[in-house]
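Subject: A structure for you to look through

Dear colleague,

I am handing over a structure that I would like you to open and read alongside this message. Please keep the sequence beside it as you go.

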Amino acid sequence: MDSIVNASSKNKDLAQKTVYSILFSISFAHLLNDLIQAVIPSVYPILKANYNLSFSQIGLITFAFQLTASLFQPFVGYYTDKYPKPFSQIYGMLFSMLGVICIAYADNFYWILLAVMLIGTGSSVFHPESARISNMASGGKRGLAQSIFQVGGNFGTALGPLLVALIVVPNGQKYLLWFVIAAAIGLVIISKIAYWYRDNLIYKQQKKVVFADFQRLTKSKVKWAIVILLVVIFSKFFYSACLSTYYTFYVIDKFHLSIKEAQFHMFLYLIAYAAGTILGGPLGDKIGRKYVIWLSVFGAAPFALLLPYVNLFWTDVLMIVIGIIISSAFPAILVYAQELLPKKLGMVSGLFYGFAFGMGALGSAVLGKLADYTSIQFVYQVCSFLPLIGISCYFLPNLKKR
C-alpha cells in the first residue's frame with residue numbers, strides 16, 4: 001500500500017513540475033528518429049546517379065515519404081487521444097529500422113519508394129505521441145518543452161547529411177546499414193520513456209485532470225485561427241521543401257561543388273535551423289506566440305528574396321539567417337494550436353505535424369517537376385516569394401495566459 005502511495009506522490013510531482021529528464025530523453029529520441037528521416041534527402045545525389053533518376057522521380061520519392069509521414073498522423077493522434085498507447089512509439093521505430101534496411105539494399109525506383117514509405121510510417125506514429133509526452137512533462141512551460149523536443153529533431157536532421165557524407169558517400173549505399181544502430185538506440189530510449197508515460201496515464205486516470213483555458217474564443221474564431229496557421233505552415237514548409245530537398249542540387253549546379261562539399265553546406269543550414277528552434281518556444285512563452293509566428297515566417301522574406309542572386313559565401317550567410325528565423329515558428333505554431341484545442345492534444349499535434357509533412361511532400365513533388373522543365377536555380381527564384389504569405393499572421397488572435 002505504501003508503495004502505491006509513494007508512486008502516486010511521485011507521479012503527482014511529475015505531473016506538476018517540468019520533468020527535464022523526460023524532455024531531454026524524448027528530444028534525443030526525436031534526434032534519432034529525424035536522423036533516420038534525414039538519410040532520405042541526403043542520399044538523393046547517390047540514388048540519382050546510381051539509378052539515373054529524374055528530378056520528378058526525386059520529388060515523387062519525397063512525396064511518398066512525406067505522404068505516409070503526414071497522412072496517418074492526425075488519425076494516430078485522434079485515436080490515442082481516446083485510447084492512449086504508451087508503447088506505440090516502439091512499433092514506429094521498428095518501421096523506421098526496417099525502412100533503413102530496405103533503402104540500403106534498394107536497387108530500383110520502386111524498392112526505394114517502399115523503403116521511404118516504411119520510414120514515413122514510423123515517423124507518423126512517433127510524432128503525435130511524442131508531442132503529448134512533451135506536453136505532459138512540460139510542467140506548464142509548453143513553449144520551452146516543445147523547443148527542447150523540436151531541437152532534437154532538427155539536430156538529427158542536421159546530422160543526417162553530415163553522416164551520409166562521411167560514411168555513405170565514400171563507401172556506397174550498403175553503408176546506410178550503420179543507421180540501424182541509431183534505430184536500436186532509439187528503441188531503448190523510447191522503451192524507458194514509455195514506462196514513465198504509462199505511470200502518468202495511470203495517475204491521470206486516478207485523478208481527473210481539468211484542462212486550463214488558454215483562450216476564450218468563439219468556435220468560429222478558433223476555426224479561423226486554425227485556417228491561418230495552416231496557411232502559414234503551407235508557406236513555411238513549401239519553402240522549406242525547396243531548401244532541404246534541393247539545396248545540394250542547387251549549390252552543385254550553381255557553384256559546381258562535389259556531392260561531399262554540397263553536403264557540408266547543407267549541414268550549415270540545418271544546424272542554423274536547429275538553433276532557431278531553441279529560440280521559438282521560450283520566446284513564445286515570454287512575448288506571445290502570435291508575434292513569434294509572424295516574425296519568424298514573414299521576417300525571413302527579405303533574406304529569401306536575396307538568396308538566388310548572391311555568391312557562395314553570402315549564400316551560406318543567408319541560409320544560416322533564414323534557417324534561424326524560419327525554424328523558430330513551428331514550436332510556437334504547435335503550442336498555439338494546442339492552446340486553441342487543449343482537450344485534443346494528440347489530434348491537433350498529429351494534424352499540424354501531418355499537414356507540415358504533407359506540404360513538404362507536395363512542395364517536393366511540384367518543385368521537382370518545375371526543376372525538370374526549367375532549372376533548379378529558377379525554382380529558388382520562384383520560391384523566394386513564399387515567406388511573404390506570412391503576413392497573414394497579422395490576423396491571428398493574440399492568446400493571453402490566464
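Below is what was found in it, taken one region at a time.

Please bear in mind throughout that this is a predicted model.

I would begin with two helices, H10, which covers residues 219–255, and H11, which covers residues 259–287; they pack at an angle of about 155°, with their axes 7 Å apart. Because an angle over 145 degrees counts as roughly antiparallel, H10 is described as roughly antiparallel to H11. The crossing in which H10 passes H11 is right-handed. If you look for the residues that meet there, you will find on the H10 side, among others, Leu243, Tyr247, Val251 and Ile252, and on the H11 side, among others, Ile259, Met266, Tyr269 and Tyr273. Sorted by class, the contact of H10 with H11 is made up of nine nonpolar, five polar and one charged residues.

The loop between H10 and H11 holds His256, whose phi is near 60°, a positive value in a residue other than glycine. This deserves a second look, because most residues other than glycine have a negative phi. Asn52, too, has a positive phi, of about 55°, although it is not a glycine, and its place is in the loop between helix H3 (44–51) and helix H4 (55–71). Are these two residues buried or exposed? With a relative accessible area of 69%, Asn52 is exposed, and His256, at 67% relative accessibility, also counts as exposed.

Another loop, between helix H1 (2–16) and helix H2 (20–42), contains Lys17, which is exposed, with a relative accessible area of 53%. Leaving aside residues up to four places away in sequence, Lys17 touches Ala137 and Gly139. Lys17 and Lys141 are 124 residues apart along the chain, and their C-alpha atoms are separated by 9.2 Å.

Two buried residues complete the list. Arg289, in helix H12 (residues 289–298), has a relative accessible area of 6%, and because buried means under 20%, Arg289 is counted as buried. From C-alpha to C-alpha, Arg289 is 8.6 Å from Gly143, although the two are 146 residues apart in sequence. Asn200, which belongs to helix H9 (residues 180–206), is likewise buried, at 1% relative accessibility, and the side chain of Asn200 reaches the backbone oxygen of Trp196 at 3.0 Å.

Key. Residues numbered from 1 in each chain as written. Predicted model: local features only at pLDDT ≥ 70, side-chain atom pairs only at ≥ 80, totals over all residues. Heavy atoms only, no water. Axes fitted to C-alpha atoms, helices over the stretch in contact; angles between N-to-C directions. Helix = DSSP H or I, 4+ residues; strand = E, 2+ residues; numbered from the N terminus. Parallel < 35°, antiparallel > 145°, perpendicular 65-115°, else oblique. Left-handed = near helix turned anticlockwise from the far one by under 90°. Contact = heavy atoms within 4.5 Å. Nonpolar A, V, L, I, M, F, W, Y, C, P; charged D, E, K, R; others polar. Buried < 20%, exposed > 50% of the residue type's maximum accessible area, 1.4 Å probe, protein only. Polar contact = N/O pair within 3.5 Å; in protein donor to acceptor, adjacent residues only side chain to side chain.
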